[in-house]
Amino acid sequence: MNHKLVLRGDRPLKGSITAQGAKNAALPVMASALLMKNGTLELSRVPDLHDIQTMSDLLRNLGAEVHFSEGKMNIVTPDQLDWATPPALVRKMRASSLVLGPLLARCHRAVLPLPGGCAIGSRPIDLHLKGLTKMGAEIRLEHGSVHAEASRLKGARIYLDFPSVGATENLLMAAVLAEGETVIENAAREPEISNLAETLIRMGGQIDGDGTGTIRVKGVEELHGTEITIIPDRIEASTYILAGAITGGDVTVKGMEPEHLEALLAKLEEAGAHLSIQGDCVRTLPDTLLSAVSLKTLPYPGFPTDLQPQIMAALCLARGTSVIQERVFESRFLHVSELKRMGCQIELQGDTAIITGVEHLTGAEVRATDLRAGAALVLAGLAANGYTCIYQMGHIQRGYENMVEKLRSLGGDVEIVPCDENEGPKF
Ligand code: EPU
């Protein structure tokens, strides 16, 4: 049975919620468990999300045991692992490609169906494969799958043409068990990379420079079990801060790392939002009226592409004309046509969206085309007059834990309603 999300908007949200653990930190950390031999990785603050279930199923398929309950996850990795990944699971989630580096390092071979494009762009993994080849892997593409082999990976100097998050993570995991030193230049600097590096260091890895553009890794023979806490989810936390701002409400997000979302907080302050930032809490003060701002998405510490749809929703109600340039993904604008159904005035010119603020939005039937596009529609729906019905809410459940409960605790009028698989917006 499918579900749709029904919201009645135009009411200021009020109250506080606690940020979940970061999906995009938990996924690579889970994949890193494959690097241990007979070890247990104990994770805390793991969010209960569809993507986490998919990664758990993938690890189980490869021979690991995964136990997950109330934010705590134990992954037990045996001596022998399977190195061929099941196509059905890999196709469900692009982040499945994060097992490639660990499998190659631990099992000396791996087969991974090439993850296809997705709604936000073609998203190739050429940088992952180029880096692994530099480390001595032989890689063939056969029948739509990557076949990789290496006796033992060798340390190498790798320059990434783009600071890809996934490529940095895959290469970092491959390098910890390689022979000699690996230097990853133009590495991604996202906080999730440092959460992974800290996990690997606790397992016995030797890593220096994570969080900067140059990561140095000295390969070791074996890694052991350890425990780690997943960092707060900066994108989820930001989405609720934006929910406070877009409804002119008074929302406090607790248990977060405000320095991980400086790009958003600075932009919101530039737009005139009243924020209070104290310790691990950010609060939006009531009666915020936003003014237009311009921004471009960039790798961290630039403005995150994963917040582009949500801030666009907020800017649709700001005074004046805002310009957003999407520089990370090639087609991350599928939310635009859905937002327009709610009265947003947005013009697209290539990788740029020009947004003219309007006074009011009107609830409509819309479709969540991907995770963050869905989050943007939720924000617009919270601010709009009348009812908004969001189909394909499964996309939202890939990244937001207990979203309905959290919004209700802030006074949002939100419910999940079962619907037929083929039911969709009636235009
Ligand atoms: N790219 C290449 N070749 C590669 C790798 C990437 O051309 O080998 C391109 C991609 O096509 C894209 C850009 O580089 O245009 C950025 O891709 P990146 O590899 O940095 O992203 P990712 O690792 O696939 C992670 C997050 C995404 C987030 C991006 C950017 C996870 C599991 N996913 O994806 O999260 O948008 O980094 O910050 O960490 C989301 O949570 O909604 C989401 C899509």
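**Reading contacts, packing and strand pairing**

Q: Leaving aside neighbours within four places in sequence, which residues is Arg109 in contact with?
A: In this predicted model, Arg109 touches Trp83, Leu103, Leu104, Ala148 and Glu149, with neighbours within four places in sequence left aside. Arg109 belongs to strand S6, which covers residues 109–113.

Q: Is Arg109 buried, exposed or partly exposed?
A: Read the relative accessible area against the two limits: under 20% is buried and over 50% is exposed. Arg109 has 35%, so it is partly exposed.

Q: At what angle do the axes of helix H8 and helix H12 cross?
A: The angle is read together with the separation of the axes. H8 (residues 234–246) and H12 (residues 371–383) cross at roughly 20 degrees, and their axes come within 9 Å. This makes H8 roughly parallel to H12, because angles under 35 degrees count as such. The crossing of H8 past H12 is right-handed.

Q: Which residues in H8 and H12 meet?
A: From H8 come Ile235, Thr239, Leu242, Ala243 and Ile246; from H12 come Arg372, Ala375, Leu379, Ala380, Leu382 and Ala383. By class, the residues of this contact of H8 with H12 are 9 nonpolar, 1 polar and 1 charged.

Q: What order do the strands have in the sheet that contains S4 and S13?
A: Write the strands in spatial order, then look at the ends. This open sheet has 4 strands in the order S4-S5-S3-S13, and its pairing is mixed. S4 (65–69) and S13 (226–229) are the edge strands, each pairing on one side only. From one strand to the next, the twist averages 15 degrees.

Q: How many bridges join S3 to S13, and which helix lies across them?
A: S3 (residues 39–44) runs parallel to S13, and 4 bridges join the two. Within that pair, Leu43 stands opposite Ile228 of S13. Helix H7 (residues 191–202) lies across S3 and S13, at about 160 degrees to S13.

Q: Where does the backbone of Glu70 and Asn186 sit, and what is phi for each?
A: Glu70 has phi near 45 degrees, which is positive in a residue other than glycine. Glu70 lies in the loop between S4 and strand S5 (72–77), and with 80% relative accessibility it counts as exposed. Asn186 has phi near 55 degrees, also a positive value in a residue other than glycine. Asn186 lies in the loop between S10 and H7 and, at 26% relative accessibility, counts as partly exposed.

Q: Is the peptide bond from Tyr300 to Pro301 cis or trans?
A: Omega decides. For the bond from Tyr300 to Pro301 it is near 10 degrees, and the bond is cis. Pro301 is placed in the loop between strand S17 (294–296) and helix H10 (308–315).

Q: How many residues of strand S20 are buried, and which strands pair with S20?
A: Of the 5 residues of S20 (residues 352–356), 4 are buried, so S20 is largely enclosed by the rest of the structure. Strand S18 (residues 321–325) pairs with S20 in the antiparallel sense over 5 bridges, with Thr321 having Thr356 as bridge partner. Strand S19 (residues 345–349) is also antiparallel to S20, over 5 bridges, and Gln345 stands opposite Thr356.

Q: What is phi for Gly350 in the hairpin of S19 and S20?
A: Gly350 takes a positive phi near 60 degrees, in a hairpin with 2 residues between the strands.

Key
Residues numbered from 1 in each chain as written. Predicted model: local features only at pLDDT ≥ 70, side-chain atom pairs only at ≥ 80, totals over all residues. Heavy atoms only, no water. Buried < 20%, exposed > 50% of the residue type's maximum accessible area, 1.4 Å probe, protein only. Contact = heavy atoms within 4.5 Å. Axes fitted to C-alpha atoms, helices over the stretch in contact; angles between N-to-C directions. Parallel < 35°, antiparallel > 145°, perpendicular 65-115°, else oblique. Left-handed = near helix turned anticlockwise from the far one by under 90°. Nonpolar A, V, L, I, M, F, W, Y, C, P; charged D, E, K, R; others polar. Pairing = 2+ DSSP bridges.
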